[in-house]
Structures are given as C-alpha cells and as structure tokens.
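Here are a few packing exercises to work through with the model open in your viewer. Try each task before reading its solution.

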Amino acid sequence: MPIWVDADACPKVIKEVLYRAADREQMQVTLVANQSLSVPPSRFISTLRVPAGFDVADNEIVRRAEAGDLVITADIPLAAEVMEKGAIALNPRGERYSEATIRERLTMRDFMDTLRASGVQTGGPNTLNQRDRQQFANELDKWLMSQRRK
C-alpha cells in the first residue's frame, strides 16, 4: 500500500520522516504538489506535479488513493474523501482521522470559514513542535507495522 502526501502544505520535517521510512520499509511514497519538489534520490520516493488550481492536487490524490493506502494531509475535506474510499488519513501532527473526528473537524472548519468570512481574525494553526513530530512518527510506525503484518 503506497503513501500519498499532500505535499504543498506538508512541513519539511514531516517529509524527511517519510523519506527515511520509505527507504527503510521499501514503501512507495508519492508527493503530490502543484510545484516542483526536490526529493532525495530513491526508487521509493516520487513526485507527481499537477497543474496549479484550486484542489487540483487534492483531487488527484482522491483519484489515485485506494483502500488501505495512507494519505498524509492537513486538509480536512481531502481526508474525508479518501476515508470514504477506505484509505487511512493522517495529518502532519500525528492525528489519525476517524469517522468521528473527521465529522467534528469538518464542522469546525465550516464554522471557522464562516467566522473568517464575517471579518473575524481567527489566526492559523500553532507551529509544529517536537511533540507533534514524535506523534506523527509514532502513528506512521503503527501504520507501517500493520502493513508488515499483511
């Protein structure tokens, strides 16, 4: 099962964790973005450049992801769509989305969009910290271990 990365917004430190895992586990990791990406040379790491445009990279990931694949994204609607196809969605902070959490996140996202549209300054997410990176690595390892068992 491959790993798909919504690479436009994925933090560099998370990409580096994925690069190491790809080579260690001999697992295909594909970074999808609307810009050129520099990745280390590896037969397990590839990039897929899509045209610029709203949700073009997201739509390509949804089109290609299959049941059991892992999708790395902080984009809530993308996570919801790939989960409908049976893929696993994990955000760069190490939160593995579930049916319950994805509904909650979609509702919160819609609420925040409404606030921003009315002029309220909501700020962005906190900076990724060491705890987030460790949580991501732990969740990635859990998924990789489940793949080894198959």
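**Exercise 1.** Find what Phe 136 is in contact with, leaving aside its neighbours within four places in sequence.

*Solution.* Take contact as heavy atoms within 4.5 Å. Phe 136 then meets Ile 14, Val 17 and Leu 18. Further along the chain, its partners are Ile 72, Leu 90, Asn 91, Pro 92, Arg 93 and Gly 94.

A word on ground rules: this is a predicted model, where local features need pLDDT of at least 70, side-chain atom pairs count only at pLDDT 80 or more, and totals for chains, interfaces and linings use all residues. Numbering runs from 1 along each chain as its sequence is written, and side-chain values use heavy atoms, with hydrogens and water left out.

**Exercise 2.** Work out how H1 and H5 pack.

*Solution.* Start with the axes, which are lines fitted to C-alpha atoms over the stretch in contact, with angles from 0 to 180 degrees between N-to-C directions. The angle is about 25° and the axes are 11 Å apart. Angles under 35 degrees count as roughly parallel, so H1 and H5 are roughly parallel to each other.

Next, list who touches whom. H1 brings Val 13, Ile 14, Val 17, Leu 18, Ala 21, Arg 24 and Glu 25. H5 answers with Arg 133, Phe 136, Ala 137, Leu 140, Asp 141, Leu 144 and Arg 148.

Notes:
Helix = DSSP H or I, 4+ residues; strand = E, 2+ residues; numbered from the N terminus. Parallel < 35°, antiparallel > 145°, perpendicular 65-115°, else oblique.
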